[in-house]
Amino acid sequence: MKNLQRKLQIEQLNNKFEKMSILKNMSVPSKGWLNSIRTTLNMSLKQFGKRLNITVQSAREIEERESSGSITLKNLSEAAEALNMRFVYGIIPKDESLKKMIEKRANELAKDIVLRTSQSMSLEDQENLPERIEQAISEKAEQINNEVPRYMWD
C-alpha cells in the first residue's frame, strides 16, 4: 500500500514538474526580476517603495537582495504583489523527473551493493560470472526502485 501511495505521489509531482519544465532554460535578468519589471513599467524606486510602505533605500535594498540571492520568499512575494504580479515558487529535478532520479540512484546503489557482495564472494573463491552480476544488479535496482527505502539517500 505504501509503495502504491509513493508511486502516486511521484506521478503527481512529475506532472507538476512537467508543466514547470519550460522554465528550466529561462535565465534571470542580470539585475533581477523586480528591477526588470519595475523599470519596464517605468516605475520609480520611490513609487515602488510607496507601494510597499518602505523608503526608497529599502526598495533599492530589496532589489539588490533579490539580485544577490539573499532575499526571502516572503519579501519576494510582497514585492511581486506591489508590482501587481504573482510570485510563483518551484523546484524541478535535474534528472527531468523524480522517477528518473530514483531509477538512477537505485541503479547506483544496486551496483554498489552487488559489487561489494561479489567482492567478498570472490575472496571466498565463489566468484560470479559477469552476466550473473549484471542480472543481480538489475534485480536489486528494481527492488530498490519499487521500495524507495530511506537508506537510498545515505
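This is a predicted model: local features need pLDDT of at least 70, side-chain atom pairs count only at pLDDT 80 or more; totals for chains, interfaces and linings use all residues.

Tutor: One term to start: helices (H or I, at least four residues) and strands (E, at least two) are DSSP runs, numbered from the N terminus. The expected span of a helix is 1.5 Å times one less than its number of residues.
Student: How many residues does α4 have, and how far does it reach?
Tutor: Helix α4 (residues 56–68) has 13 residues. From first C-alpha to last, α4 reaches 18 Å, close to the 18 Å expected at 1.5 Å a residue.
Student: Which residues are buried in α4?
Tutor: A59, I62, E63 and E66. Buried means under 20% relative accessible area, exposed over 50%, partly exposed in between (1.4 Å probe, protein chains only).
Student: Why are they on the same side of α4?
Tutor: They cover an arc of only 90° around the axis. The arc is that of the directions from the helix axis to the C-beta atoms.
Student: What covers them?
Tutor: Their cover includes α2 (33–40), α3 (45–52) and α5 (73–82). Contact means heavy atoms within 4.5 Å.
Student: Switching to α3. Which residues are exposed on the face turned away from its buried side?
Tutor: K46, K50 and R51.
Student: And what comes just after α3?
Tutor: N53, with a positive phi of about 60°.

Terms used:
Residues are numbered from 1 along each chain as its sequence is written. Side-chain values use heavy atoms; hydrogens and water are left out.
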